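Open the model in your viewer and get ready to select residues.

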Amino acid sequence: MGNKIAKEPEVVKGVDLKRYMGRWYEIASFPSFFQPKNGENTRATYTLNTDGTVHVLNETWNNGKRNSIQGTAYKANPNSDEAKLKVKFFVPPFLPIIPVIGNYWILYLHEDYQYALIGEPTRKYLWILCRQTHLEDEIYNQLVEKAKEEGYGDVTTKLHKTPQSDPPPE
């Protein structure tokens, strides 16, 4: 039995980007390249631009110090209703600024846009996001199960819960 899964992860269809905008707190992640290992209060704030792209602000706190990175998200295929986005980050401190482009696939989204499961086609990264700083264990476990169904088995064992303070830092 190889662990190669032929089909791509299933994504949500028909996401209303306007409703998806705003702040999301990272509940857990399989650490992304952009994140310090001991980051806390990690969150993302999405703002719709007039041209239909999305401004992305990712923030994390490390030893009390705020780090942030900004980027732009856009639909991989504007004519598709699948929630497959590309996110382009402008990564300092290289000059000229080098964009790093990643995939942002919404694998599961709560009907009221309260929590979401985010992955990408290589299944190397996984995020659980929530509108609140805390997500109930039962829902968390359901999202982990969903990730396993989509072929993220190895990754789910390495998910790292992100410490979030309540109230969150300003």
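Start with glutamate 150. It counts as buried, at 7% relative accessibility. Buried means under 20% relative accessible area, exposed means over 50%, and partly exposed lies in between (1.4 Å probe, protein chains only).

A note on the numbers: this is a predicted model, where local features need pLDDT of at least 70, side-chain atom pairs count only at pLDDT 80 or more, and totals for chains, interfaces and linings use all residues. Residues are numbered from 1 along each chain as its sequence is written, and side-chain values use heavy atoms, with hydrogens and water left out.

A salt bridge here is a side-chain nitrogen of Lys or Arg within 4 Å of a carboxyl oxygen of Asp or Glu. How many salt bridges does this rule count? The count comes to 9.

Next, select aspartate 137 and lysine 161. They form a salt bridge too, with the closest N and O atoms 3.8 Å apart. Aspartate 137 lies in helix α2 (residues 137-149) and lysine 161 in strand β9 (residues 160-161), so the pair ties together parts 24 residues apart in sequence. Helices (H or I, at least four residues) and strands (E, at least two) are DSSP runs, numbered from the N terminus. Lysine 161 is partly exposed, at 45% relative accessible area.

Finally, pick lysine 13 and glutamate 82. Their side chains meet in a salt bridge (3.8 Å, N to O). Lysine 13 sits in the segment before α1 (17-20), and glutamate 82 in the loop between β4 (65-75) and β5 (84-91), 69 residues apart. Glutamate 82 is partly exposed, at 24%.
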